[in-house]
Amino acid sequence: MSSTAEQRLPDGPYDAVWASPGRVNLIGEHTDYNDGYVLPFALPHSTVVGARRLDRPEWTVTSEQAGETVTFGPQDRVAGWASYVAGVVWALREAGHDVPGATLTVTSDVPLGAGLSSSAALECSVMAVLLDLAGIDLPMALRPRLAQRAENEYVGAPTGVMDQSAATLCREGHALFLDCRSLATEQVPFDLAAQGLAMLVVDSGAPHAHVSGEYAARRRGCEEAAKILGVPALRDIDPAGLPAALERLDDKVMRKRVRHVVTEDQRVLDTVAALRAGDARLIGPLMTASHASMRDDYEITVPQVDTVVTAALAAGAHGARMTGGGFGGCVLALVDTDRCDEVEAAVREASAAAGFTPPAAFVVTPAEGTRKVR
Ligand code: ADP
Ligand code: MG
C-alpha cells in the first residue's frame, strides 16, 4: 500500500526513493535520559525523499512543506529546516561515508512540530537515500545514532535516540521495545485490529510553551537525584527499592520526579509483558496510570491535554495518556474499534466546553520503519 506522502512526491526521474515514518511513544515518557525503557511504534504517516545523483559534492533540497529550495556544499553551515538534511550529510561524512552530491525532493504527511517526530522521519529518509546512492549497505541498527548526531550536533536540538530508532527500526504490526542504556531492541507484537481495538491519536493543539527550560530542569533534577542515591541513572532503582530511595531524598519535588521515572520504567515492562501475553486491553490501565504520573508527579501535562484524557476515558476508552515530552502535543487513546467515533466526538465536545479549540484526531496502526519505495 502506498502512503499519501508517496503519492504526493513529484514525478522523478529519481535514482532512488526512500520513506521513513513518524512515531508515537506508546509508553515510557522521560525515561530515555534516565537510561530507561521506551516503547514507540511507527505511524502510517511518512516523509518521502527522492534523490538524483550529481557528479559534484553539492546538495540541492526542495521540501514541499517548507516551500523552498536550498543548495549547500560540504563546507556550508546551513540553518533552518534544511539543517536537518545538511546535518545528515555532515554526520555521514564525519563517520567516513563518502556520500555523493544529490538533488533531493522531500514531501511528508507527518504533521510538523506536533511531537510526532517529523524531524527524525526527514533525517532517516535522507540518510537512507544517500547511502543507497553511494552503494553503502550500512546496517539499520547503526543508523539511529548517526541521525541523532545530526540533530544534536549539527541542528543543535538535544534529543535522545528514541525518535531515530523508531523511524529506522520499527516493524509493521509491532511496537519497538528499546533499552536506552544498551540500545538493545525487541519487536513486540502490537496488532490491535485483530483484537477489535484501535489507537486514536488526538492532537491537543496546545502551544508548546516553556518546553526547553522545563525539559532541562527535569533532566537536571533526575541527574541530581541519581547522584544523591549513588546510582549511575534512575534506571538502576527498581520498584522494590523505591520506598527506601524516596526516604533518602529530602526534596519533595525531587521525590515526585524520581517516583515517576521508576514507576514509568516498570509500566513499560508491564506493557511489553501484556502485549506478549496477547491481551492488548491490559495496557489500558497502564496508559492511564502513566498519564496520572506525568500529571501529578512529573508535572508535564497541561489542561488541554488532561481534558482530552478525561473525556476519552469517560467515553469508554480502555486507557489514555499524553505521549511525548509534554506541555502539549498528542494524546493516545486505546478504544474499541466500533467506539472510535463516539470517543472522538466526546473529546471534541469536552474540549470546546472547556474553551479549547476542538482537537483533530486520527486512528493509527503500527507501520513499517525506513523502507525503499523504488
Ligand atoms: P517534530 O519532530 O515533533 O515534528 P521538531 O521540532 O523536532 O518536531 O522538528 C520539526 C522541524 O523539522 C520542522 O520545523 C522543520 O524544520 C523540520 N522538518 C521536518 N519535516 C520536514 C519537511 N518535510 N520539510 C521541511 N522541514 C521539515
Ligand atoms: Mg523532532
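Author: The largest pocket has a volume of about 1100 Å³, a volume being the space filled by probe spheres set on grid points joined across faces, edges and corners. On a 1 Å grid over the protein atoms alone, a pocket is an open set of points where a 1.4 Å probe fits, with protein on both sides within 12 Å along at least five of seven lines; lining residues have an atom within 4 Å of a point. This is a predicted model, in which local features need pLDDT of at least 70 and side-chain atom pairs count only at pLDDT 80 or more, while totals for chains, interfaces and linings use all residues. Residues are numbered from 1 along each chain as written, chains are lettered from A and ligands numbered from 1 in written order, and side-chain values use heavy atoms, without hydrogens and water.

The lining comprises 46 residues, and Gly 115, Ser 119, Glu 151, Thr 159 and Asp 163 are the closest to the pocket's centre. Helix 6 contributes the most, four residues (helices are DSSP runs of H or I, at least four residues, numbered from the N terminus).

Ligand 1 sits in this largest pocket, meaning that more than half of its atoms lie within 2 Å of the pocket's grid points. Around ligand 1 there are 16 residues, each with a heavy atom within 4 Å of it. Helix 3 gives three residues to this shell, the most of any element.

Polar contacts are pairs of N or O atoms within 3.5 Å. A polar side-chain atom of Ser 63 is 2.6 Å from a nitrogen atom of ligand 1, and a backbone N or O atom of Gly 115 is 3.1 Å from an oxygen atom of ligand 1.

Methods:
Polar contact = N/O pair within 3.5 Å; in protein donor to acceptor, adjacent residues only side chain to side chain. Helix = DSSP H or I, 4+ residues; strand = E, 2+ residues; numbered from the N terminus.
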